[in-house]
Amino acid sequence: EYSKKSAADLRKRMTAEEVAQADGLIKLAAKGSPPKDGAAGATLTSISEEKLKLIEKMFALTGAKELMAEQVSLIIPATKKAHPEIPEEFWRRCAQKMNVEDLAKEVYPIYDKYFTEEDLKAFIVFYGTPAGQKLKGTLPQMMREMTRTCSQWGERVGKEVAADMEK
């Protein structure tokens with residue numbers, strides 16, 4: 001059974017990088033916590049009401065939350081596979097706490113940091129066009145294909161480097 005003691009024991013066996021990844025996963029899953037540093041210390045409350053509405057509208061038009069939900073659904077299985085020593089209870093609890101609405105609130109300050117209200121208005125106009133809707137409809141599949149292509153390419157490069165090193 002998962003307990004604070006088993007968590008402490010697990011942390012002792014994990015590398016610093018693994019602890020940071022697990023801590024990041026836990027922070028991501030911390031339901032209801034306000035954004036702390038999504039955009040260099042910006043918080044949801046530091047975004048103007050008008051700009052926040054524009055960001056939310058853009059998210060709705062682009063299907064951003066659906067894309068984030070897809071990514072979130074991949075986080076636990078990938079991390080779990082890489083760390084089979086972590087108790088199942090930990091993964092169960094993370095899955096319960098991971099909420100796309102909370103993640104969106106963590107991401108909004110990043111949009112605030114990089115895009116002006118004028119930028120967001122232009123994006124909204126674009127995503128309201130047939131071309132924008134085509135991009136929205138094809139981008140998820142394109143991203144999956146590009147991810148698969150990158151993975152295959154990386155595997156090929158790794159094999160080539162390993163073969164060269166054996167010479």
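Two residues are in contact when heavy atoms of theirs lie within 4.5 Å. This is a predicted model: local features need pLDDT of at least 70, side-chain atom pairs count only at pLDDT 80 or more, and totals for chains, interfaces and linings use all residues. Residues are numbered from 1 along each chain as its sequence is written, and side-chain values use heavy atoms, with hydrogens and water left out.

Start with the whole chain. The protein chain has 8 helices and 0 strands; helices (H or I, at least four residues) and strands (E, at least two) are DSSP runs, numbered from the N terminus. Of its 167 residues, 26% count as buried, meaning under 20% relative accessible area with a 1.4 Å probe, protein chains only. The chain exposes about 11400 Å², and carbon and sulfur atoms supply 60% of that area. Among contacts between residues at least 6 apart in sequence, 78% join residues at least 24 apart.

Helix α3 covers residues 49–62 and helix α7 covers residues 117–127. Their axes come within 9 Å and cross at roughly 25°. Axes are lines fitted to C-alpha atoms over the stretch in contact, and angles run from 0 to 180 degrees between N-to-C directions. Angles under 35 degrees count as roughly parallel, so α3 and α7 are roughly parallel to each other.

Which residues meet? From α3 come E50, K51, L54, I55, K57, M58, L61 and T62; from α7 come E117, L120, K121, F123, I124 and Y127. By class, this contact has 8 nonpolar, 1 polar and 5 charged residues. Ala, Val, Leu, Ile, Met, Phe, Trp, Tyr, Cys and Pro count as nonpolar, Asp, Glu, Lys and Arg as charged, and the others, Gly among them, as polar.

Notes:
Parallel < 35°, antiparallel > 145°, perpendicular 65-115°, else oblique. Buried < 20%, exposed > 50% of the residue type's maximum accessible area, 1.4 Å probe, protein only. Areas by Shrake-Rupley, 256 points an atom, 1.4 Å probe, with all protein chains shown as cover.
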